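Okay, thanks for coming, everyone. Let me put this one up on the screen and walk you through a few spots.

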Amino acid sequence: MTGAPSHDPSEAAPLVEARGVSLRFGRRSVLDSVDIAVRAGEIVTLVGLNGAGKSTLIRVILGIVEPDSGEVLQRPGLRIGYVPQHMQRDPVLPMTVERFMTLGSPAPRGTLQRVLDEVGADPILGHPLAEISGGEMQRVMLARALLREPQLLVLDEPLAGVDVTSQSDLYRLIADIRDRRGCGVLLVSHDLHLVMAATDAVVCLNRHVCCTGRPQTVLRHPEFISLFGPHLSETLAVYQHAHDHRHDALGEPLSNEAGSPERSRPAGRHR
Amino acid sequence: MEDFVLRALGGGIGAALAAGPVGCFVVWRRMAYFGTALAHAVLLGVALGFMLEIEPIVAVFAICLLLAVCLLLLERQRVVSVDALLGVLAHAVFAAGLVVVAFMERVRVDLIGYLFGDILSVGVGDLWLIFGTAAAVTAALAWQWSNLLAVALNQDLAAAEGVPVERIRFLFLFLLAAVIAVGMKIVGMLLVVALVIVPAAAARRMVATPEQMAVASTAIGIASVAAGLFASLLWDIPAGPAIVLVASGIFAASLSIPVRGRSRREG
């Protein structure tokens, strides 16, 4: 058993912590004694294949679903900003960006505009929510979450539906927000390339926690390799190295690494 | 104008006031068939009301609420889909209503009146009930508006932000049952869901925010009641169906309105 979790040096009390969380849907075990903790100023990324229980774990941590056993401890009075996965935007429900942002946390227009600026969104307060692009929607959701002055940001697949050119921007934005606001970030992501570049800790989930720790450590973990395959693990390790190098020397965009998935999607609409 | 016409107009307006905003939520949350299922409980409610000597509107409200809670609890089983479940319960409760009516030999229930509504028979007592209900529904909506809207938009997001989702869902069923109970007096159980959803559907293309839609839906409901009642007196046609036809006409006309905001993208 070499899978002992590497302890974070910062021993500050976590903002939120799940201990031994297990959950079954009927006969199927979805989560099996999962431990995870997020501290202030830390980006923790949850990776895993489809059906690994990532979104379910998020829902348990947020208190939307009660676990069968185990416990979730939140710091008292914790303010959470949540961005759910694929939020349905139903044109049947008329909603402007402005009304969506102020739902549940009223704020003056100036504040709304400032938060939209912070996440790099265009001034789209008056636009119907159902008609903005996927990338804009993610930024609006992020802005809406920031409006609540969260101590913990929980982002489920924030890159889903965002075109490739905006993905690295969005990722950098999340890291910037963490730096500026000092909040903790819990992230679910499919895009391992981007994850490995910006996260502090990775938790690899396959119903149970396969391995956890810093990205470099997790990449070499046998369970990670058996889950995602040796090829991806190597590609990511190369990527990691290349990124460190280029980030220091050139600061080039990250978009022409080998093996980057889903690169054929066209850029967003023109303005 | 004669008194019974004024009472009819008042009752219709009261029902439209309650049905306008509630209907928006029914449309947003795609619960039209759920509402139809609840309306099938009207007959059983009326019959039990006569048997137990309770005001029919109150008995209908209680039975609708009971059915709504049954539906909510049974939704969690996985044997049949929700739409099949709605079909089973709606017809079971309707059949139970017919059987109970058949048992009541001494009291002749005016079945047609409850199936199609009898707005012209609205009495002063009914007016009090209808406006009391409309005031209570409006107050509850205003009190929990933001939470109701959050639940209609996305339940996970609402739950994560501390909205008590289950309680809000129950509150909404309560309001819907109340609207059906007063609406059945106006347009009858077969058309009451139309009074709830048609004005809301007609309002959709005229508005940009949920609040505007609630107001527009209420206004369309009131206009439909007034115009339908007028047509009924003018041409001697049944009032309930006339009201629903006017609302449906407004809906049809609203389809020619372009959806707001689209033009902005094409510029």
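Predicted model: local features only at pLDDT ≥ 70, side-chain atom pairs only at ≥ 80, totals over all residues.

You'll find Gly51(A) in the loop between strand E3 (43-47) and helix H1 (54-61) of chain A. Compare its position with Pro91(A): the two are 40 residues apart in sequence, and C-alpha to C-alpha they sit 29 Å apart in space.

Now over to where the chains meet. Chain B puts 24 residues into the contact and chain A puts in 18 residues. On the chain B side, the helices that each supply at least two residues are H1 (3-28), H8 (145-153), H9 (155-160), H12 (210-235) and H14 (262-266). Which one gives the most? That's H8(B), with five residues. By class, the side of chain B that touches chain A has 13 nonpolar, four polar and seven charged residues.

Last stop, a helix pair within chain B. The axes of H11 (residues 192-203) and H13 (residues 239-254) come within 8 Å and cross at roughly 25°. Angles under 35 degrees count as roughly parallel, so that is what we call H11(B) and H13(B). The crossing of H11(B) past H13(B) is left-handed. Among the residues making this contact are Leu195(B) and Val198(B) from H11(B), and Ile250(B) and Phe251(B) from H13(B). The contact residues here divide into ten nonpolar, two polar and no charged.

Note on methods: Residues numbered from 1 in each chain as written. Chains lettered and ligands numbered in written order. Contact = placed C-beta atoms within 7 Å. Helix = DSSP H or I, 4+ residues; strand = E, 2+ residues; numbered from the N terminus. Nonpolar A, V, L, I, M, F, W, Y, C, P; charged D, E, K, R; others polar. Axes fitted to C-alpha atoms, helices over the stretch in contact; angles between N-to-C directions. Parallel < 35°, antiparallel > 145°, perpendicular 65-115°, else oblique. Left-handed = near helix turned anticlockwise from the far one by under 90°.
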